[in-house]
Amino acid sequence: MYLTVTAERSLFFVEEHHVENFKKMAKKMENFITLSQTGALNLEETWLTAFNIWVLLQPDDELIIQSFDKTLYYSTNHIIITALTNDYQFNFIRTHPKSTPELIYTATIFLTMALNSWYLKLLTDNHLNDIAERMLHQIYFESHLGEEDMVHLFINDQARVVKVLVYELSHANTFERIIKSACDDARFIYNDTFQSRQINNSILSKSPL
């Protein structure tokens, strides 16, 4: 499903090489870790969420700019992006000198699944099940391209979610907890499994026949 990711559908202005690098990493890591459908979006849209998070985790020398036009439509995503970029654990993974591309990708997967589940819980806990139902069955990141009435409905949905999202981020620490948990899990799994596997393979390759 990661093959469906395109630059045009991202929330950022990205170059084609960003998309290709993400797909190469997804292919390299697919036997180690991959996405499953865990929450508010269908699997195809969840992969695009992962790409957006992966883009945010790229080094500072990568010039990444949010699409202003899409920010107007995807207001909830803009709020979450801002919260992510201000989060200590997120930035620790992003900037730590020992964060390899594989660790960053692993963190991307854990963060995507955690946020997808958290967002669905936010909707259901606040009796926004109708929005949750629509999100699960829509091509979410193309919602701004729909018919006028559907775009209007989508914008209204976003406005309804923004109210509970802003309250949640300002009155609870669940967001920080799930980000920390996802980053901790990513580090543990990467160190315990992927890095150990790489070391073992290296040892085996040097062993005499």
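Mentor: Axes are lines fitted to C-alpha atoms, for helices over the stretch in contact, and angles run from 0 to 180 degrees between N-to-C directions. The model is predicted, with pLDDT of at least 70 needed for local features and 80 or more for side-chain atom pairs, whereas totals for chains, interfaces and linings use all residues. Residues are numbered from 1 along each chain as its sequence is written, and side-chain values use heavy atoms, without hydrogens and water.

Trainee: At what angle do H7 and H8 pack?

Mentor: Helices are DSSP runs of H or I with at least four residues, numbered from the N terminus. The angle between H7 and H8 is about 130°, and their axes are 11 Å apart. The crossing of H7 with H8 is left-handed, the near helix being turned anticlockwise from the far one by less than a right angle.

Trainee: Which residues in H7 and H8 meet?

Mentor: Contact means heavy atoms within 4.5 Å. Asp 130, Ile 131 and Arg 134 of H7 meet Leu 153, Asp 157, Arg 160 and Val 161 of H8. By class, this contact of H7 with H8 holds three nonpolar, no polar and four charged residues; Ala, Val, Leu, Ile, Met, Phe, Trp, Tyr, Cys and Pro count as nonpolar, Asp, Glu, Lys and Arg as charged, and the others as polar.

Trainee: How do the axes of H6 and H7 cross, and what is the make-up of their contact by class?

Mentor: The axes of H6 and H7 cross at roughly 145° and come within 7 Å. Tyr 119, Leu 120, Leu 123 and Thr 124 in H6 touch Asn 129, Ile 131, Ala 132 and Met 135 in H7. The contact of H6 with H7 has six nonpolar, two polar and no charged residues.

Trainee: How many cavities of 30 Å³ or more does the structure hold?

Mentor: A cavity is a set of points on a 1 Å grid where a 1.4 Å probe fits but cannot get out, and lining residues have an atom within 4 Å of a point. The structure holds three cavities of 30 Å³ or more.

Trainee: Which helix gives the most to the lining of the second largest cavity?

Mentor: H8 does, with four residues. That cavity has a volume of about 50 Å³, and its lining includes Tyr 119, Ile 131, Arg 134 and Asp 157.

Terms used:
On a 1 Å grid over the protein atoms alone, a cavity is a set of points where a 1.4 Å probe fits but cannot get out, and a pocket is an open set with protein on both sides within 12 Å along at least five of seven lines; lining residues have an atom within 4 Å of a point. Grid points are joined across faces, edges and corners, and a volume is the space filled by probe spheres set on the points. Helices (H or I, at least four residues) and strands (E, at least two) are DSSP runs, numbered from the N terminus.
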